Amino acid sequence: MPAISIDTFFACSLMVLLVLSAMTATARILQPLINMPINVEVAQRLGEIAKRILLYTGKPVDWGQNAQTIPEEFGLAEAGAVSPYALDVDKVSRLNRENAYCLSYVQIFTSLKAADLSFRIEIKPVFNVRLNPTAIFEGSNETVYAFEVASEKEDGALVSTILRTYVLAESLLQTNDIQNFGGRTSFNITIPNTLPSPAVLIVFAKSMYNNRATSYAVYSLAHLSEPPRGAFLRLSPINHTLTVASTSSEAILRRVYALTFNSLWQLTQTGSNSFRIPVSSDVSPTVLVVFGTNATQPFVEWTVYPQVPIQTGVDFASLQSVSDVYAYEHLVSIGNGLYQCTIFLGGSKT
Amino acid sequence: MKGRNSGQIRIIEAFLAIFIVFSAIAVSANITAKSPSSANNGLASLGMQALLQLDSDGSLAAYITAGNWSGLRESLNLLLPAGVSFNLKVYDNQMRQVNTETVSSGGFSSQEITLVKYVCTSQAPEFRVYVVYLYLAVAKQ
């Protein structure tokens, strides 16, 4: 074989090899770039949808206040809000399943007008108050309850707070203020054994460093036998009105209270089963407590306005197979308080 | 003689091809410059919302005016989600640094840092403008 043929063969083989390796290398380098715009585009689109849910008032703008109104277009923003990410108290409350006027998944899905999406909306305080009863000392005349209270973020980080505790029964009111440096403390409460009605312990917590970050916890004191929540009444607060629906034919309402961090009111009846909730400038949510009797058995039921925490929509975690699900965390204000809102969106065609 | 030279030219061609192909690879490697990632957008959005909420009742400017850097740090710690590290710097309208202490949740272990710029004004009797630079990163475990 002549030398020129060997040279040509060698040169051609080298060129083919180099071209192939160059193509492989270029493909490997460009592959992420080819895929990335699609993912980024989907994430951006879903992010805009999540923002729209929080920044748009919906249609009609006051759909939250009217119990019978189903929104044509879904949005949780407060009409006329001065700052962005301010959510409407009533729209938020109507996402809670405990509320008799809550929107169903189908109603939200339809008004969202995004046929290729499934969603989940979670709203919760920026930190939680965890009440843990550590001991009960029963005396002949009174019972002493010892509690440990912790205010902490979801990751377990403790939050220094100012606590206001209320012990409330039909004929009893005790209040106490506690400086909770470091986020964990303990306290005792004493209740007479002769109380005719059950009592509840309500704890409000306000961050020492941010007045608008608040949370609460409610604990039923079981010195009387206590049925589970919702056994006798369904409490639905919207438009500063508490509507009470009896789930038992023998339930009779006796007293209704509204409590915030700084205030307490006894509510007066404005309709057959409705009570006016005072407009509060407090940053904390309003806890509504209803005392009543069912036949001869006294009971207490409670709810909160706005009805947070909320978890509504598809439970993506329990699904066997899930396409891409995107979570968008937002810091929102509801009323005067701060809350954390997470919107999960998924199921989009890519 | 002519046939021998053409073999040598092909070798030169091969080396030229090597040069061209590797140049192409080198250039295309640089094309993989960062495109906007959704994670960075999310961090920027979280940081902006935290500053917006702090500023909505004037507490951001109040912390800065009072020089309450520990309060500002705790407040940001509370509002930002778990796993997000931050470092905050405050400048006046002449871009001189105002914060005398470090306002940070700790060292950044991530290389992807997002910057949020925010301008706020003091509600104190004296009108002041502050430029806030909030650096955010996802803390690595």
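**Figure 1. A:R130 and its salt-bridge partner A:E152.** At 36% relative accessibility, A:R130 counts as partly exposed in this predicted model. Its side chain meets that of A:E152 in a salt bridge, with 2.9 Å from N to O. The two residues link distant parts of the chain, as A:R130 belongs to strand β3 (residues 128-138) of chain A and A:E152 to strand β4 of chain A, 22 residues apart. A:E152 counts as buried, because its relative accessibility of 16% falls under the 20% limit.

**Figure 2. A:E148 and A:R184, a salt bridge between two strands.** Here the side chains of A:E148 and A:R184 meet at 3.9 Å, N to O. That value still qualifies, because the cut-off for a salt bridge is 4 Å. A:E148 is part of strand β4 of chain A and A:R184 is part of strand β7 (residues 184-192) of chain A, so this contact ties together parts that are 36 residues apart in sequence. Both ends are partly exposed: A:E148 has a relative accessibility of 28%, and A:R184 has a relative accessible area of 41%.

Figure 3. A:E154 counts as exposed, with 63% relative accessibility. For context, a search of the whole structure finds 10 salt bridges over all chains.

**Figure 4. A:Y105 and its two stacked ring partners.** Over all chains, the count comes to 11 aromatic pairs. In one of them, the ring centres of A:Y105 and A:F109 are 6.1 Å apart and the planes make an angle of 20 degrees, so the pair is stacked. Both residues lie in helix α3 (residues 105-112) of chain A, four residues apart, which is about one turn of the helix. A:Y105 is partly exposed, at 27% relative accessible area, and A:F109 is partly exposed too, at 28%. A:Y105 also pairs with A:F119: these ring centres are 4.6 Å apart and the planes are at 15 degrees, so this pair is stacked as well. Since A:Y105 lies in helix α3 of chain A and A:F119 in strand β2 (residues 118-125) of chain A, the pair ties together parts that are 14 residues apart in sequence. Where A:Y105 is partly exposed, A:F119 is buried, with a relative accessible area of 1%.

**Figure 5. An aromatic cluster in chain A.** Which residues make up this cluster? A:Y145, A:F147, A:F187 and A:Y219 form it together.

**Figure 6. Charged side chains over aromatic rings.** Two views show this kind of contact. In one, the charged end of A:R52 sits over the ring of A:Y56, 4.2 Å from the ring centre. In the other, A:K206 lies over the face of A:F261, and its distance to the ring centre is 4.4 Å.

Key
Residues are numbered from 1 along each chain as its sequence is written. Chains are lettered from A and ligands numbered from 1 in the order in which they are written. This is a predicted model: local features need pLDDT of at least 70, side-chain atom pairs count only at pLDDT 80 or more; totals for chains, interfaces and linings use all residues. Side-chain values use heavy atoms; hydrogens and water are left out. Rings of Phe, Tyr and Trp (its six-membered ring) pair if their centres lie within 6.5 Å; planes under 30 degrees apart count as stacked, over 60 as edge-to-face and the rest as tilted. Buried means under 20% relative accessible area, exposed over 50%, partly exposed in between (1.4 Å probe, protein chains only). A charge sits over a ring if NZ of Lys or CZ of Arg is within 6 Å of the ring centre and within 35 degrees of the ring normal.
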